[in-house]
Amino acid sequence: MAATTSSLSLLFAHPHSRQSSTPQRFGRSHLRLPLRARCASDGGASASASTTATKHRRPAEENIREEAARLRGPATTFSAWYEPFPPASDGDPNERYSLDDVVYRSASGGLLDVRHDIEALARFPGSYWRDLFDSRVGRTTWPYGSGVWSKKEFVLPEIDSDHIVSLFEGNSNLFWAERLGRDHLGGMNDLWVKQCGISHTGSFKDLGMTALVSQVNRLRRAPLSRPINGVGCASTGDTSAALSAYCAAAGIPAIVFLPADRISLQQLIQPIANGATVLSLDTDFDGCMRLIREVTAELPIYLANSLNSLRLEGQKTAAIEILQQFNWQVPDWVIIPGGNLGNIYAFYKGFEMCRVLGLVDRVPRLVCAQAANANPLYRYYKSGWTDFQSLVAETTFASAIQIGDPVSIDRAVVALKATDGIVEEATEEELMDATALADLTGMFACPHTGVALAALFKLRDQGIIGTNDRTVVVSTAHGLKFTQSKIDYHDKNINDMLCQYANPPISVKPDFGSVMDVLQKKLNGKI
């Protein structure tokens, strides 16, 4: 897609390397919420308060996991299980599986979905859950300091806290894209970017992987003691990075199948550094996915791809987090890049669960944004949901969504239909221009975020998204994982692309006059 050598590349070179119901009203809950802990630095804190705070610190020899075990309360009354997705009209209406079962598909060969005991959760009003989740934000109390496990009751309610493998993921920034909205999108004043890439391994995949690896950790340990020798995945880069990090933290072997020469070096080095067994295969992601499914069917290796619905339980907490960050007000639109299509369903699950349980009164409209070079969902949408055809994805700078046969196609359709959603696409030039323009307003976006931003530009031009609509663009990965695409763009080193927002460095003679001439031109004579 791009030439191999450029002046800008040399500038950056390293010298030594190359189901829904109406919310109910409830009375005051008998369960008490945790009080806000006083900090020693609180203004006006008395000496006695400071002494009290010190007195209640855990013993120096005790870590936060041990403290959580010591203070463990009564067993939870909430539960979750697997059910077929979607329910088969001619299948067993009572088909369900324990989350402790190693199972990825229903009896009919379809997908599974994690279902929660909504009736038990609904015994408490939405206000209770809002207050509980808010009380846990930013703490170091195990495991609730995590943006995922702060919502444990909505994720994996039955798992013991001691089995949880968390790197305090989540709690990611909601970036107010003030200048981008004001100057480039017709005066939008309520445009936000949910920066899920500001996480431990640099992508939203951490949110799902903490849930999956925690469940594997539970299965491997007593009393279940399942013979699981490792966890495996096929990946376009980010999944392998997340799996490898969480498995390394838990001491569980990780095996990753990667398509050769199709992911960035930054993505490739992450599983290598975390000690995973990395297999580079001369095929695309879909080919890797077929192989990992065959291998996990024969060996005691747990499958970590989004075919496994456990990951979606962690990923849905990003939707709940957005509601939290808006003080439990619902945005009008949420735009999500789509490849294997599990994430848009995860966001729908998060929003819908909050609606059903009375935390909010509606859900936002969802938009799935696909690269035009890997757009099977977009084509399906344009056919009026009548003709889905998988395809061989072409190369795209948005490599993590370069998928032509998405596992979660049916999940995505459910999410889009339920939210009156839209599917849009972006060409390579559109996504790279959108990425560059966003960067020029203070972001450092990945190409996948560029796909979502390009979709936003199109929907604004069509008048579908209004000037005053509160809109959230989901950024799925950190831009630092995709620096080569930015180098090529700003060096105008991409074939058949104008790169209209390129900002290459300027070569200047090392003397005062030459420097002043360049600055006068660059700053339009304002100095």
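The mean pLDDT of this predicted model is 89 over the chain, and 89% of the residues reach 70 or more. Residues 1-54 have a pLDDT below 50, and this stretch makes 59 contacts in the model beyond near neighbours in sequence.

**Helix H14 and the residues around it**

- Helix H14 runs over residues 342-356, and its 15 residues should span 21 Å at 1.5 Å a residue, which agrees with the 21 Å that separates its end C-alpha atoms.
- Because 15 of the 15 residues of H14 are buried, this helix is largely enclosed by the rest of the structure.
- Leu 341 is found in the loop between strand E9 (333-337) and H14, and its phi is near 75°, which is a positive value in a residue other than glycine.
- With a relative accessible area of 4%, Leu 341 falls under the 20% limit and is therefore buried.
- Just after H14, Gly 358 also has a positive phi, in this case of about 80°.

**Helix H13**

- Helix H13 covers residues 317-325 and is mostly covered, with eight of its nine residues buried.
- The buried residues of H13 are Thr 317, Ala 318, Ala 319, Ile 320, Glu 321, Ile 322, Leu 323 and Gln 324.
- Asn 327 follows H13 and has a positive phi, near 55°.

**The largest cavity**

- The largest cavity holds about 280 Å³ of space, and of the 24 residues that line it, Phe 204, Lys 205, Gly 339, Asn 340 and Ala 400 are the closest to its centre.
- Sorted by class, the lining of the largest cavity consists of eight nonpolar, 13 polar and three charged residues.

**The second largest cavity**

- The second largest cavity holds about 60 Å³ of space, and its lining is made up of Thr 236, Pro 259, Arg 262, Asp 284, Phe 285, Ser 399 and Gln 402.
- Sorted by class, the lining of the second largest cavity has two nonpolar, three polar and two charged residues.

**The loop between E1 and E2**

- Phe 85 and Pro 86 are joined by a cis peptide bond, for which omega is about -15°, and Pro 86 is found in the loop between E1 and E2.
- Asp 100 lies in the loop between strand E1 (80-85) and strand E2 (111-116), and because its relative accessibility is 14%, under the limit of 20%, Asp 100 counts as buried.
- When residues up to four places away in sequence are not counted, Asp 100 touches Gln 215, Arg 218, Leu 219, Leu 224 and Arg 226.

**The loop between H8 and E5**

- The peptide bond from Ala 222 to Pro 223 is cis, with omega near 10°, and Pro 223 lies in the loop between helix H8 (205-220) and strand E5 (230-234).
- Ser 225 has its place in the loop between H8 and E5, and its phi is near 50°, a positive value in a residue other than glycine.
- The relative accessible area of Ser 225 is 46%, which lies between the limits of 20% and 50%, so Ser 225 is partly exposed.

**Arg 65 and its contacts**

- Arg 65 lies in helix H3, which takes in residues 64-70, and with a relative accessible area of 26% Arg 65 is partly exposed.
- Arg 65 and Asp 162 are 97 residues apart along the chain, yet their C-alpha atoms are separated by 6.4 Å.
- Once its neighbours within four places in sequence are left aside, Arg 65 is in contact with Trp 142, Ser 161, Asp 162, His 163 and Ile 164.

Notes. Residues numbered from 1 in each chain as written. Predicted model: local features only at pLDDT ≥ 70, side-chain atom pairs only at ≥ 80, totals over all residues. Heavy atoms only, no water. Helix = DSSP H or I, 4+ residues; strand = E, 2+ residues; numbered from the N terminus. Expected span 1.5 Å × (residues − 1). Buried < 20%, exposed > 50% of the residue type's maximum accessible area, 1.4 Å probe, protein only. 1 Å grid on protein atoms, 1.4 Å probe; cavity = no way out; pocket = protein on both sides within 12 Å on 5 of 7 lines; lining within 4 Å. Points joined across faces, edges and corners; volume = space filled by probe spheres on them. Nonpolar A, V, L, I, M, F, W, Y, C, P; charged D, E, K, R; others polar. Contact = heavy atoms within 4.5 Å. pLDDT = per-residue confidence, 0-100.
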